[in-house]
Amino acid sequence: MLLSICIALSGCGLKKEPKLTRYDAQFFELFDTVTSIIGYTQDEETFTAYAKELHDELKIYHQLYDIYTDYPGISNIKTINDNAGIQPVKVDQKIIDLLDMSIEMYEKTDGRINIAMGSVLSLWHICREGGSNDPENARIPSMEELEEAAKHTDISKIIIDRENSTVYLEDPKMSLDVGSVGKGYATEMVCRKLEEDGLTIAMINVGGNVKAIGSKPGDESWTVGIQNPDLSSDQTYLHRLGIQGMSLVTSGVYQRFYTVDGKTYHHIIHPDLLMPWYEYVAVSILCPDSGMADCLSTAVFNMEPQTGKAFIETLDGVEAMWIYPDGTEEYSSGFNAYMMEEQGEK
């Protein structure tokens, strides 16, 4: 009897896990950035199916969250903006879910992230585009223009009718801009769907919004990098981090900017100053939820140092790193636990 039990247990132990192979893919047209996926699956056909699902699902969010382009048969953020002060717009639940999260984060961060700032951000967008295309005539918005636009940024004027799935902007001069949250939220939602559909080992990067699904074979952490804000340096990354089931998002002054009269103006606009401010050159957030990380990287970038650090310490499972203009770095209490001494595979 004992022998037969031993044989049975031994037979179970000999069952091998399926061999997984590493594959990767990338595409370029969604959210105006590069999306890449690295995954481990049993065969290339399975990986290709997941990569296609990633693309197709992200495309849905890309079109829904677009503030510049109309798409046939789709009511998106632009549609809501175009109907400000006119009529409610019936929208997909994915838009309502994004708005709900954004309003919640506005309240949690004391307004340091506000998707209702479209009127202000559009002034900066127009000037940045013009200055990039015609540097000699580059300009910044006047404070008079900005202050007038800021009168139309009251987030409470977003009226959401969840029963009828409609969104209405009460202020006709108000507009939404979900650039500070849309990409990260879409990344998180699509990754959750991929996991539900069976993908267990992957690293997805949507233009710097990095999400790790599980860990690499052998329970090995994925390696991600904190980019060096000094783009002229030979050192591409300041630090490498080991993560499993986590997201990394960075907001930095070196990503989008233009120059006026010798001064650079980056794209992160402080909601009180209505201007870029220069307390940091980058803020990186680590947490399980990519949408939350996207929100927090912008919100904390717009907080005073002590306020931001104290705020991060109140959030479970969230860590942060701040880089100052002089190169000084600061970290939340648990950030160092993710740092790796040796460089590994990204």
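Student: The expected span of a helix is 1.5 Å times one less than its number of residues; what span should helix 4 have, and how far apart are its end C-alpha atoms?

Tutor: The 16 residues of helix 4 should span 22 Å, and its end C-alpha atoms are 23 Å apart, which agrees. Helices here are DSSP runs of H or I with at least four residues, strands are runs of E with at least two, and both are numbered from the N terminus. Please keep in mind that this is a predicted model, in which local features need pLDDT of at least 70 and side-chain atom pairs count only at pLDDT 80 or more, while totals for chains, interfaces and linings use all residues. Residues are numbered from 1 along each chain as its sequence is written, and side-chain values use heavy atoms, with hydrogens and water left out.

Student: OK, what happens at the ends of helix 4, say which residue caps the N-terminal end?

Tutor: Asp92 caps that end, with a side-chain oxygen 2.7 Å from the backbone nitrogen of Lys94. This is a polar contact, meaning a pair of N or O atoms within 3.5 Å; within protein, one must be able to donate a hydrogen and the other to accept it, and residues adjacent in sequence count only if both atoms are side-chain atoms. Just after the helix, Asp110 takes a positive phi of about 55°.

Student: And which residues of helix 4 are buried?

Tutor: They are Ile95, Ile96, Leu98, Leu99, Met101, Ser102, Ile103 and Met105, where buried means under 20% relative accessible area, exposed means over 50% and partly exposed lies in between, with a 1.4 Å probe and protein chains only. These buried residues pack against helix 2 (44–64), helix 3 (77–82), strand 4, strand 5, helix 7 and helix 8 (290–301), and contact here means heavy atoms within 4.5 Å.

Student: Switching to charges: how many salt bridges does a search of the whole structure find?

Tutor: The search finds 16, a salt bridge being a side-chain nitrogen of Lys or Arg within 4 Å of a carboxyl oxygen of Asp or Glu. One of them joins the side chains of Lys108 and Glu104 at 3.4 Å, N to O. These two residues are four apart in helix 4 (residues 93–108), so they are separated by about one helical turn. Lys108 is partly exposed at 44%, and Glu104 is also partly exposed, at 41%.

Student: Which parts does the pair of Asp272 and Arg112 tie together?

Tutor: Their side chains meet in a salt bridge at 2.9 Å, N to O. Asp272 lies in the loop between strand 12 (263–266) and strand 13 (282–287), and Arg112 in the loop between helix 4 and helix 5 (118–133), so the pair ties together parts that are 160 residues apart in sequence.

Student: And Glu188, is it buried or exposed?

Tutor: Glu188 is buried, at 4% relative accessible area. Its side chain forms a salt bridge with Arg192 at 2.9 Å, N to O, and the two lie four residues apart in helix 7 (residues 182–196), about one turn of the helix. Arg192 is partly exposed at 37%. Salt bridges that share partners join Glu188, Arg192, Lys211 and Asp289 into one network.

Definitions and conventions. Expected span 1.5 Å × (residues − 1).
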